[in-house]
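The sequence and structure come first.

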Amino acid sequence: MVNRNRECPFERQVREAIAAGTLTEELKQHATGCSECAETLFVMSELRSLGGTPEPSVQEFEIQRILLKARLQREARGASKLRLLLNGLVLSLLFIGLGAAAFVDWSKIENLLAGSSPLPVLIAAIVLVLLVTQELETGDIA
Amino acid sequence: MLCERSFRAFYEQTHGALRAYVSRVVGNRAGADDIVQESYVRFLVWARETYNQPQMRAFLFRIASNLINDYGRQIQKEKRDVRVDPESTEAVATEGNSALSGQFARAFEQLSEQQRALLWLAYVEGYQHRQIAGMLNIGQGSVRVLMYRARSRLVEVLKGMGVERKTNGESK
C-alpha cells in the first residue's frame, strides 16, 4: 500500500539536480539511504540515457510538408470563420425580417406560426439545424 | 502564426526531444513519425503568437500527448477489430548509451502508455507536476501518486528481468 503523504523532501532536489547536472555528493549520499531518491536517481539517469539516443537529422522535406499542411488547415479554419460570420448574418437578417413583418402586421406572423402555412417555418428550422451542426463539426481544436 | 524562420529554429530545437518522447511512449517508429508531424502542424495552426519559448515547447508536448492518447485508443480499437501482426510495426530501437539501456528500454515498454508519458515528461523533459497534469489531462494531485506507481512498477519489471539496482542508483 502506498503512503501518499510520505514523500521524501529531497526527491525534488535530486530530480532538479540531475536535470541540471549538478548532483552533489551530499545528495548522492542521501540517495544511498533513501529508497525513493535512489529509485529516482536510477530511473532518471537511465531514461535520460535513452533520451540521448541519436535521432535522424532535420529533414527539409518534412519541414516543408508541415508548413504546407499547417497553411492548408489555417485556410480551412479561416473559411470556417467566414462561414460562421455569413451564417450569423443570414440568421440576423431572418430575424430582422421576421420582426419587421411583425411590426407591420403581427397577425400574418401568427397565422404563419399557427400552421396555416408551415412550410416556411419548417424550412427555417431545417436551415437553423444545418447551420448549428455544421459549426459543431468544424469546431475542431488541438 | 510563427514565421517560417522562427518555426525552423523552433523545430530544430525541439524535434529530437519530441521524437524521442513520442517514440518511447508509443513504441513504434511509424506511429511516432505521424504523431510528431501532426503535432507540429497543430502547433502551427493553434499556437498563440504571445507564447514564449518554454510555453511553446510545453504546448507542443501537450498536443503530442493528446495525439498519443488518441493513437493509443485507435490501436486498442484496431486490436479488438483485427488481429494485428506484431511484425507489421517497426519497434523503436532499444539501444541506448549505457550498457543497461537495452534492458531498461524493454522494461520501459512494459509500462502503460500513461506511465511512460509521466516518467518521460518528468525525468527527461523536466516538467513540473502542474505542467504534466495539464499535458496529460489528469488531476495535479494525482501526478505524484501515479509517478510513484510508475517508477515502482518499472523497478519491479527490471527486477523481474534480473537487473538489480545498487543503492547509489547505479545498476548491475
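Of the 172 residues in chain B, 38% are buried. A residue counts as buried if 20 or more other C-beta atoms lie within 10 Å of its own, as exposed if 12 or fewer do, and as partly exposed in between, with C-beta atoms placed from the backbone. In chain A, which has 142 residues, the buried share is 11%.

The model is predicted: local features need pLDDT of at least 70, side-chain atom pairs count only at pLDDT 80 or more, and totals for chains, interfaces and linings use all residues. Residues are numbered from 1 along each chain as its sequence is written, while chains are lettered from A and ligands numbered from 1 in the order in which they are written.

**Confidence**

The predictor assigns the complex an ipTM of 0.74 and a pTM of 0.71. Per-residue confidence is given as pLDDT, which runs from 0 to 100. Chain A has a mean pLDDT of 76, with 70% of its residues at 70 or more. Chain B averages 83, and 83% of its residues score at least 70.

Within chain A, the element with the lowest mean pLDDT is helix H5 (residues 118–138), at 68, and the one with the highest is helix H2 (residues 25–33), at 87. A contact means that the C-beta atoms of two residues, placed from the backbone, lie within 7 Å. In chain B, confidence is lowest in helix H4 (residues 101–109), at a mean of 84, and highest in helix H5 (residues 113–124), at 92.

**Secondary structure and contact range**

Helices (H or I, at least four residues) and strands (E, at least two) are DSSP runs numbered from the N terminus. Chain A has five helices and zero strands. Chain B has seven helices and zero strands. Among contacts in chain A between residues at least 6 apart in sequence, 45% join residues at least 24 apart. In chain B, residues 24 or more positions apart account for 61% of the contacts with a separation of 6 or more.

**Core of chain B**

A nonpolar core is a set of buried Ala, Val, Leu, Ile, Met, Phe, Trp, Tyr and Cys residues joined through C-beta atoms within 7 Å. The largest such core has 58 residues, and those touching the most other members are B:Val22, B:Ile35, B:Ala64, B:Ile68, B:Leu118, B:Trp120 and B:Leu121. Leaving out residues up to four places away in sequence, B:Ile35 touches B:Val22, B:Val26, B:Ala64, B:Leu67, B:Ile68 and B:Tyr71. In soluble globular proteins, nonpolar side chains tend to be buried together.

**Helix packing**

Two helix pairs are compared below. Axes are lines fitted to C-alpha atoms, for helices over the stretch in contact, and angles run from 0 to 180 degrees between N-to-C directions.

| Helix pair | Axes come within | Crossing angle |
|---|---|---|
| H3(A) and H7(B) | 10 Å | roughly 75° |
| H5(B) and H7(B) | 9 Å | roughly 100° |

Angles under 35 degrees count as roughly parallel, over 145 as roughly antiparallel, 65 to 115 as roughly perpendicular and the rest as oblique. H5(B) is therefore roughly perpendicular to H7(B). Their contact involves B:Gln115, B:Leu118, B:Leu119 and B:Ala122 of H5(B) with B:Leu146, B:Met147, B:Ala150, B:Arg151 and B:Arg153 of H7(B). By class, these are six nonpolar, one polar and two charged residues. Here Ala, Val, Leu, Ile, Met, Phe, Trp, Tyr, Cys and Pro count as nonpolar, Asp, Glu, Lys and Arg as charged, and the others, Gly among them, as polar.

H3(A) and H7(B) are likewise roughly perpendicular to each other. A:Glu39, A:Thr40 and A:Val43 of H3(A) meet B:Arg151, B:Leu154 and B:Val155 of H7(B). This contact divides into three nonpolar, one polar and two charged residues.

**Single residues**

B:Asn137 sits in the loop between helix H6 (129–136) and helix H7 (140–160) of chain B. Its phi is near 55°, a positive value in a residue other than glycine. B:Asn137 is exposed, with 10 other C-beta atoms within 10 Å.

B:Gly160 lies in helix H7 of chain B and counts as exposed, with 10 C-beta neighbours inside 10 Å. A:Ser49, in helix H3 of chain A, is partly exposed, with 18 other C-beta atoms within 10 Å.

Methods: pLDDT is the predictor's confidence in each residue, from 0 to 100.
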